[in-house]
Amino acid sequence: MTAGTSITPKTDNQLRLSDGRILGYAEYGDPEGAPVFFFHGMPGSRLEGALGHDAAVRHHVRVISTDRPGYGLSTFQPKRTFLDWPGDVTQLAGSLGIDRFAIAGISGGGPYVAVCALQIPQRLTHAVMISGVGPFDVPGATQGMSRQNRMLFAASRRAPILVRVVMAFMARSMKRSPDRFMDQMLKSLPEPDRKVLADPALRELFKQDALESMRPGARGAAYESVMYARPWGFRLEDITMPVTLWQGDADVNVPVVMGRYQATAIPNCDARFFPGEGHMLIFSHMDELFALTAR
């Protein structure tokens with residue numbers, strides 16, 4: 001992931017937060033560049049920040065990629081809500097001596113971009129949601145979503161105990177045979193996303209990210225699934241700062257209807273919909289992302 005650059009990422013950093021929890025994070029890109037906090041998908045980990053390392057170096061961007069509670073190096077946080085996340089982000093920014101910064105989140109990281117845009121707009125230079133999960137309590141929210149995801153989030157709303165069992169089984173399968181797990185995951189993706197992950201280096205990165213996400217077990221992923229599926233505790237309509245939203249219309253993980261709803265609900269949303277692109281559209285637009293956030 002660092003071909004052509006001489007800057008080595010720092011992947012295993014930890015911060016002890018004010019309540020005693022540990023927050024894991026990694027740093028990619030240019031250490032002297034414009035700071036961008038990156039929020040991973042679900043399940044996921046700080047290692048997803050490696051996807052943008054070379055592009056961030058080119059655009060002089062410093063990427064700070066976090067583990068959310070219960071993933072990777074970060075301590076599980078019982079009873080947490082989306083509204084708790086901006087406090088963790090500002091503590092990390094303070095520890096790094098960063099006053100203002102951009103944020104970007106992909107997939108399950110989307111709601112975390114939204115809640116930061118709501119709660120700490122004065123700290124943010126840009127807020128970018130890429131293939132970001134939308135609220136599930138909106139009529140038609142899962143139209144076009146894969147059957148596997150519809151079943152997972154339906155169970156998350158109605159039977160959280162079942163979700164814990166499913167996620168624990170997934171974690172065991174992943175650790176026992178990660179390559180087989182990746183093969184099964186690829187079968188559920190549309191052609192644009194399968195083409196992206198045909199790159200052996202990207203496939204390996206995603207495999208390591210999946211393994212890292214489940215390092216402490218499946219509890220974090222199971223809890224977060226329920227968070228997405230139930231009311232979020234805040235309104236997109238109350239966001240006051242500009243938000244950039246990118247969505248592929250061939251996405252079956254986060255269907256385009258979710259992107260269209262969020263683009264309408266967020267008052268000052270600059271939304272772009274990419275024809276024929278899937279959930280992994282970020283791979284085709286990484287330079288564009290960091291050119292935007294570097295400004």
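**Figure 1. Lining of the largest cavity by residue class.** The residues lining the largest cavity divide into six nonpolar, two polar and one charged. In this predicted model, a search of the whole structure finds one cavity of 30 Å³ or more. The volume of the largest cavity is about 40 Å³.

**Figure 2. Residues and helix around the largest cavity.** The lining consists of Phe38, Glu48, Gly49, Leu51, Gly52, Val63, Met286, Leu289 and Phe290. Helix α11, which spans residues 286-293, gives the most to this lining, with three residues.

**Figure 3. The largest pocket.** The largest pocket has a volume of about 1300 Å³ and is lined by 48 residues. Of these, Pro43, Gln148, Met170, Phe181 and Met185 lie nearest the pocket centre. Two or more lining residues come from each of the elements α4 (147-158), α5 (160-176), α6 (178-187) and α8 (200-213). The most is given by α5, with nine residues. The lining comprises 29 nonpolar, 14 polar and five charged residues.

**Figure 4. The second largest pocket.** The second largest pocket holds about 240 Å³ of space. Its lining is made up of 14 residues, of which Leu51, Arg58, Leu202, Phe283 and Met286 lie nearest the centre. At least two lining residues are supplied by each of α1 (53-58), α8 and α11; α1 gives the most, with four residues. By class, the lining of the second largest pocket has eight nonpolar, two polar and four charged residues.

Terms used
Residues are numbered from 1 along each chain as its sequence is written. This is a predicted model: local features need pLDDT of at least 70, side-chain atom pairs count only at pLDDT 80 or more; totals for chains, interfaces and linings use all residues. Side-chain values use heavy atoms; hydrogens and water are left out. On a 1 Å grid over the protein atoms alone, a cavity is a set of points where a 1.4 Å probe fits but cannot get out, and a pocket is an open set with protein on both sides within 12 Å along at least five of seven lines; lining residues have an atom within 4 Å of a point. Grid points are joined across faces, edges and corners, and a volume is the space filled by probe spheres set on the points. Ala, Val, Leu, Ile, Met, Phe, Trp, Tyr, Cys and Pro count as nonpolar, Asp, Glu, Lys and Arg as charged, and the others, Gly among them, as polar.
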